[in-house]
Amino acid sequence: MNNIEIVQKGLKKRYAKERRFKAYGVFSIIISLSFLAFLLFDIALKAAPAFTQTYIKLDIDFSHKVLRINEKSSYTKDELFELPYHKLPSKSLYQLFPGIENRKQKKALRKLVSSGVRYNLRNMVIKNSKLIGTSKSIWVLADDDIDSLVKGLIDRNIPEADRRVKDFQIAWIDKLQLENRVESRFNINFFTSGDSREPEQAGILGALKGSLYTMLITLLLSFPIGVAAAVYLEEFAHKNNWLVDMIEVNINNLAAVPSIVFGILGLAVYINLFGVPRSAPLAGGLVLGLMTLPIIIITTRAAIKSVPPSIREAALGLGASKMQVIIHHVLPLSMPGILTGSIIGMAQALGETAPLLMIGMVAFVADIPQGFFDPSTVLPVQIYIWSDSPERSFIALTSAAIIMLLVFLFLMNLLAIILRKKFETRW
Amino acid sequence: MSNLNFFIILLIIAAIVFFIGQKKAYSYSMFNGGAKLHSLPNYYGYLTTLWTFLPAFGVFVIWSFFESNVSSMLTISQFSELQQLSVDELSLALNEIKILAVTNSSSVSINNQAAAVYSEYLNHSFNLKILVSVLLALLGFFYTYLRIKPTMQARNSVEKLIVYVLFTCALIAIFTTVGIIFSVLFESIEFFSQVSITEFFFGTHWSPQIAIREDQVGGSGSFGAVPLFWGTIFISFIAMIIAAPLGLIAAIFLSEYATSQVRAIIKPILEILAGIPTVVYGFFAALTVGPLVRDFGYYLREIGINLDIEILANLTVSTESVLAVGLVMGMMIVPFILSLSDDVILSVPNAMRDGSIALGATKSETVWRVIVPAALPGIVGGFLLAISRAIGETMIVLMAAGVAANLTANPMNVVTTITTQIVTLLTGDQEFDSVKTLAAFALGLGLFVTTLILNIIALHVVKKYREQYE
Amino acid sequence: MNNNKVELDQQLSETVGKPLINGTPKITCRDVNVFYNQDSQAIFDVNVDLAKNQILAMIGPSGCGKSTLLRCLNRMNDTIDGCSITGKISLDGEDIYSNDIDPVLLRAKVGMVFQKPNPFPKSIYDNVAYGPRLHGIATNNSELDDVVEESLIKAGLWKETKDRLNKPGTGLSGGQQQRLCIARTIAVRPDVILMDEPTSALDPIATATIEELMHELKSSYTIAVVTHSMQQAARISDRCSYFHLGRLVEVNDTNIVFTNPEHELTENYITGRFG
């Protein structure tokens, strides 16, 4: 057998191997892509119900008798604040479904609408005290279980005992629907309120603001220090100096240290040693800032490195000092790269959860934070808190919050890509 | 006046002295018959600004860091009632004092008196801080201003100062590491003085709940961390089994087989996977993958019962299974391995590919016999970094794995991990300095050291590999 | 400028000298055109024959297409995205670009040595054994040992390496590495060896060794060599071809090309007036 025949004999098997390997490659890619698609689809599907909310039309009687207030020409704010507003929706509901005497059923009837309705009514009355003594049809927020029922998320066929909504409640809602008293509306609450124990009243504004304040601190800490450190290491540091080597090893290692370790650092140093207030964006920002620092240093160094030596030499040749070369030429030329890296670092910080749990940002905060020292939470931690809540409706809220987070991350990454494309220089 | 206001005032002062310094420099060049200045007049301004601002600002920041703690210490020394409290009670009392100091309520409890004293100390501290800062600013200003003359090498001094500032920024990396070590080290030492090292490293029973009352069930708590180590390793192992082949083969496919157009589309899409926050993966693992895997486990059990396979019939199945967590974590790591492997594969010189192809090798033969062996150190380095990431991953395990310490080899069962325990021990109602909290720091130390070693080896291997082809 | 180009096109329209040979050539190229990404053409209408057991040298200024043509002879250009070829290249009368020709088989017949020595990061032994293992040429270990020894002997590297076959190939000197690459190619037992500037990365002494080796290899292989050095072409080749801007200007017996070139461009290049 000559040489070529030998080679030819083995070819079929070798090509089969080749095809098989290529198939593995396609398979790996498809698996990864379908996992991504499954994840996004699953979350989008779960999030969909969170974007609408059920409202019930009630005829509210703002009479003096119900509100237990004497007729007057004007009222002070304090007077109006303390009135028994919780009676307003209840009374209206009793009128809609007369003849219910069973205490348990009466309670269930009251709970058709959200417990937050009384505060909405209070605000309406305080805003316009002329309402007192009149009667008005008002759309009020339904309770989250009722909301789930209307959205069809509760299966009416399973046994009553296993259902959160009982048969008589279903009958009420069906009746209300027949009377056109039930309506689905866009969930504006989700974008305008802080956290709440009641799913129908919970929103992400508090978490969004918390994230905003935290990110501001993170940026203020990590960007200037990161760029400064990178400039030093790239332009001034002596090679083969043990201190410089130490710094480099530390930076590379810190970039790979588990984020939770930074949380422990924040707890022990910032909170216990320096007395930074717990749960505050300041503490969160300081922790995330340290975490983002190595990323910014590494990307900035890469950007500085990519500025060709010819430009430095040209400027040095004209008599510029080293610092002038850096400030006038190197930094402006590497700025797109630095910004891209910083945005990516910030995006990572925005999605970070674990270290913030350590410094108490996991506490329940209903108020929307107004500054760097207010107790607050951030978007990913809000997701974690909600995902831990037993109420069914929180699943949809969690998914919706995830979608908001992903949208923000997507926008940030898009910005980074655009920056890179727009200012990309080929030397 | 708040801290922020003072900071702004400091900035304004710094801006003003710039013009003063600059003007003095100008005056030399104008009136002394145009004496030749060593540097541009601006540099004299910069120098004045730096000397005025930097020392004052530095002291201001450091002072701000420590004033709250020093004030509370001074407060404690004033009240013998507070000194008698235990550490836990004291930290609670201090919290209350700090809140009271802000809200100014008016009862006569001891804490209220303390709060008044505390806020007084804070006030003093603040005034003193501002006084010292302003003094330093003035000192710095005059120190520079008086020295300004044409022969002064202002530019050199400014640049030297800036280099020092840059250097300090670079040093923060070291401070951070030192900070991490100090935050876990002392508490860990304290922990090991109460729990023996052998129990921690070799004990197989983990139940950190310590009874508050003597008669309570649960006993004294035990701290054998082996189930935690095992849980962490088990989950990381499953994650790597999924991520390593998928990521590596996908990287090879993208860099060796895919056309540049396909690559340009697929790679960014897969990088989306890397950009998804871990809390999202955790949610997905807990709510979607967990139940799916559990149902699969039930199905296996049914098969086991029907076919009389004992090991399957007795399978323990949990929603918080190792398999579900490992699966999701593996998918999270895929893009990480993909981009690291992609980098090292692309850095294998094309001459290797040409040499192999020219000898009549097929593409896959070239990949497996030349490129992968050549890139092996880099690939291994990438895997080590991925393992370190899996070990340190917190959110997925926190949300989708359990808290029950469990030594099991059944992937359908529930285990707990180091990171889960750290979070569980350090959040919730915690009394500082209890063994339970200290245990979290010991675990943190273990986690830090493990990942540190992995990272250093990995980074070293990758660096050596890169040098080989540079 | 435009005029010049037209003039040049006319000057280059036909290859002068003796591009085709009598008898049966080993490789024939007929009307070969090579394009990169459709719009840029690297080779224009090349017709040339390679005679069996001879060395054909390919010379010309940088970017003249000689390396491109060489890489077409064993379809190495397949690995480059957007590279396409028209015309016909045959090996022993068979069109190597026809659909039933297997590039793997072709490359087993037509080996290639590159400009920069590129031993694999493996041992010397594994480097040489790489091809035979792939193709199943040796069935057992002792056969493989024989193939490795034979190839290293042919490449003149046996004496230097027989005691350190397990040392990495990358540890050898540049010239030794290049001979290792030649041994690696020989081990597959090809008919044709293509060499792309095999000595341009080597010092003069190593170059001389390789040239000597090429001379010896000629008896058993057909060789095409791209070179930047005219002296080298003159020393080693039987026939010499001169390329200019993707066109084959002149081919002839080496002594004729160097002593009495027909084409003005060839003469300019050889006398160093243009380069």
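Predicted model: local features only at pLDDT ≥ 70, side-chain atom pairs only at ≥ 80, totals over all residues.
Residues are numbered from 1 along each chain as its sequence is written, while chains are lettered from A and ligands numbered from 1 in the order in which they are written.

Chain A carries 18 helices and three strands; helices (H or I, at least four residues) and strands (E, at least two) are DSSP runs, numbered from the N terminus. Here are some overall values for the chain:

| Chain A property | Value |
|---|---|
| Radius of gyration, over C-alpha atoms | 31 Å |
| Span of the C-alpha trace along its principal axes | about 95 × 75 × 40 Å |

A compact globule of 427 residues would come out near 22 Å for that radius, going by the rule of 2.2 Å times the number of residues to the power 0.38.

Now the sheet. It's open, with antiparallel pairing and the order β2-β1-β3 in chain A; two strands count as paired if DSSP finds at least two bridges between them. β2 (135-141) and β3 (182-186) of chain A sit at the edges with a single partner strand each, so one side of each has no neighbour in the sheet. Strand β1 (residues 52-61) of chain A pairs with β2(A) over seven bridges, and Ile60(A) has Lys136(A) as its bridge partner in β2(A).

As for the neighbouring chain, seven residues of chain A are in contact with nine residues of chain C, contact meaning C-beta atoms, placed from the backbone, within 7 Å.

Technical notes:
Contact = placed C-beta atoms within 7 Å.
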